Amino acid sequence: MMPSFFIAHGAPSLALEENVYTEFLQKLGQDLPKPRAIVLFSAHWESATQLVSSTAQYETIYDFGGFQPELYQIKYPAQGHAETTADVLRLLEEAGIPAEADSLRGLDHGAWVVLRLLYPDADIPVIALSVNRYLTNEQQYQIGQALASLREQDILVIGSGGTVHNLRQLNWESNGVDSWAMEFDQWLEDKLVQWDTEALFAYDKVAPSARAAVPTPEHFVPLLLAMGAGDQTKKASLLFKAYQYGNLSLSCWKFD
């Protein structure tokens, strides 16, 4: 059965970098069995209703400003997959989760930065899904749960976001790591390994430094979505953890 993953997408400039994290993601893509399709939730596609991409050919979205000119030249020409879109919509309907198809949106950087590192040839069909920051944490998990059976069909489920993502606290010149960021991520690691959903659903109230680490939840939500997709086995493994700019987390969690 294919695992599900939470993968931090960092800053858009990650797409141009060569470091231990980009090397890790490149190797991860090489080591994984080739999936039949990829279902990816991006923190940068928000909607009140769950949207599921039904596009046949994606455009590359540059949903950022002020970065290197080379970033705006990158293309990730992934294709969609009508059969998988239909399966996703059916599974969500069966779980009582309202969802709609979207044929217009391209891939934002939360999607293509990660996908380009994992699968640079863009040769695996992609189904992009939106996130809704206003749902409860338990509801986020349930959306992932609803899609868990996709893993049995060799479909890779990815949540793309960031466990510590506070742009106002970034220090672009820092080579160190802020203690509050590490404190939050350590708490998170303990609860994920224990599969303590009660604590995780209340992370914003009980986790240390939660307000600093997660000032708005859209980047955290993909973690709960990916975790929900791993509900059948309830096994969480931290594959990578590092930081940039003082507190921007670069982490990868595997749920299998």
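Visitor: What should I know about the model and its numbering?

Guide: Residues are numbered from 1 along each chain as its sequence is written, and side-chain values use heavy atoms, with hydrogens and water left out. Because this is a predicted model, local features need pLDDT of at least 70 and side-chain atom pairs count only at pLDDT 80 or more, while totals for chains, interfaces and linings use all residues.

Visitor: Why is Asp-87 called buried?

Guide: Buried means under 20% relative accessible area, exposed means over 50%, and partly exposed lies in between, with a 1.4 Å probe and protein chains only. Asp-87 has a relative accessible area of 14%, and therefore counts as buried. Asp-87 is found in helix 2 (residues 82-94), where helices are DSSP runs of H or I with at least four residues, strands are runs of E with at least two, and both are numbered from the N terminus.

Visitor: What is Asp-87 in contact with, leaving aside its neighbours within four places in sequence?

Guide: Contact means heavy atoms within 4.5 Å, and on that basis Asp-87 is in contact with Leu-150 and Gln-153.

Visitor: What makes Leu-32 count as buried?

Guide: Its relative accessibility is 15%, so Leu-32 falls on the buried side of the cut-off. Leu-32 has its place in the loop between helix 1 (20-31) and strand 2, and, leaving aside neighbours within four places in sequence, is in contact with Pro-3, Phe-5, Tyr-119 and Leu-156.

Visitor: How do you know that strand 3 and strand 4 are joined?

Guide: Two strands pair if DSSP finds at least two bridges between them, and four bridges join strand 3 (residues 50-53) to strand 4 (residues 99-102), which run parallel. The chain crosses from strand 3 through helix 2 to strand 4 in a right-handed β-α-β crossover, a term that applies if, with the strands pointing away from the viewer, the path from the first strand over the helix to the second runs clockwise.

Visitor: Why is helix 9 described as mostly covered?

Guide: Nine of the nine residues of helix 9 (residues 221-229) are buried, among them Val-221, Met-227 and Ala-229.

Visitor: Which residues of helix 4 are buried, and what covers them?

Guide: The buried residues of helix 4 (residues 137-146) are Asn-137, Gln-140, Tyr-141, Ile-143, Gly-144 and Ala-146, and what covers these buried residues includes strand 3, helix 2 and helix 9.
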